[in-house]
Amino acid sequence: MSPQPMSPAPDRPWDVLVVGDANPDLVLRGDVSPRFGQEEQLLTGADLVLGGSAAITACGAARLGIRTTLCACVGDDMFGGLVRLALGERGVGTVHLIASRSGGTGVSVVLSGTEDRAILTFPGVIPELRADDVDDALLASVRHLHVSSFFLLPAVAAGAAELFGRAHRLGVSTSLDTNWDPAGQWSGVRDVLRHTDVLLPNIGELLALTGRPVDEPDPIRRAAAIEAAALEIRALGPLLAVKAGALGGIGWGPNGRVSAPTVPVDVVDTTGAGDGFVAGFLAATLRGLPFERALEWASAAGSLSTRAAGGTTAQPTVAELEAVLKS
């Protein structure tokens, strides 16, 4: 199907509804490779910050002036209160957060090294969120629907194709960031993609979603696999904006393949950089910018978000984005 316009009529209370996960992240830096045997290790930094792909994306969009609300499931506990407070402080609507009494709020421990990071997640009540928690009245109040962390939300994933179809019938455009599949199955996505306007994976996720090896060492074969995977996804309908790490962003849009480099920053922590990328892309597109410019916003937003610990602390404003893109 042809993609929905990503900037429908702005006569709705919210520009974007983000559906997914919200939880605190404990970000640890320094000597973060665990050594068991009760050997104590001293770290160089520890920060308790807002986490969850959906929450970080929502905060990034709000920081860029987009009227943003989040639908996620949190516990009726201290961590849930922290999530609500942090979202509200960043201008994200919290009226659609669901407070569950059946369990605790999810939490992640991020072991952040200089070149890579490991993430240990306790899901808590995150998986309780369902696709039908987003009813037609809520959809009718937004311009765009974005779903994050597809594989952490089985009840959302099971109804996502129907949810995206309802969104389209109500004139709401759609986007999807699956994130990594901890189970390694990568199933259930293709039916959703037929109702998805933009898919925003990283390179590894793009390859895994299309059944291609993620760890191909030969650069020529890897580049060919990425191109083939992108064209396979495009044949299903969605535009494709891919997070390419140090390479920035690669896109397959209305006019074919384009790319956008990163911007130079002093990297402190890469946690949430991909979610910042998504926020930049959505904010640019909902402002009516073309695909190529949206990819530039995405790459710059992802880069700038790495200037401080956590995914939301250093998310840029529009003025900061425009300044680095002009330089």
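Which residues in α1 meet which residues in α8?

Guide: A word on the basis comes first. This is a predicted model, in which local features need pLDDT of at least 70 and side-chain atom pairs count only at pLDDT 80 or more, while totals for chains, interfaces and linings use all residues. Residues are numbered from 1 along each chain as its sequence is written, and side-chain values use heavy atoms, with hydrogens and water left out.

On the α1 side, Ser-53, Ile-56, Thr-57, Gly-60 and Ala-61 meet Asp-275, Val-278, Ala-279 and Leu-282 of α8; contact means heavy atoms within 4.5 Å. By class, the residues of this contact comprise 5 nonpolar, 3 polar and 1 charged. Here Ala, Val, Leu, Ile, Met, Phe, Trp, Tyr, Cys and Pro count as nonpolar, Asp, Glu, Lys and Arg as charged, and the others, Gly among them, as polar.

As for geometry, helix α1 spans residues 53-63 and helix α8 residues 273-286; their axes come within 8 Å and cross at roughly 45 degrees. The relation of α1 to α8 is therefore oblique. Helices are DSSP runs of H or I with at least four residues, numbered from the N terminus. Axes are lines fitted to C-alpha atoms over the stretch in contact, with angles running from 0 to 180 degrees between N-to-C directions. Angles under 35 degrees count as roughly parallel, over 145 as roughly antiparallel, 65 to 115 as roughly perpendicular, and the rest as oblique. The crossing of α1 and α8 is also right-handed, a term for a near helix turned clockwise from the far one by less than a right angle, anticlockwise being left-handed.

Definitions and conventions
Helices (H or I, at least four residues) and strands (E, at least two) are DSSP runs, numbered from the N terminus.
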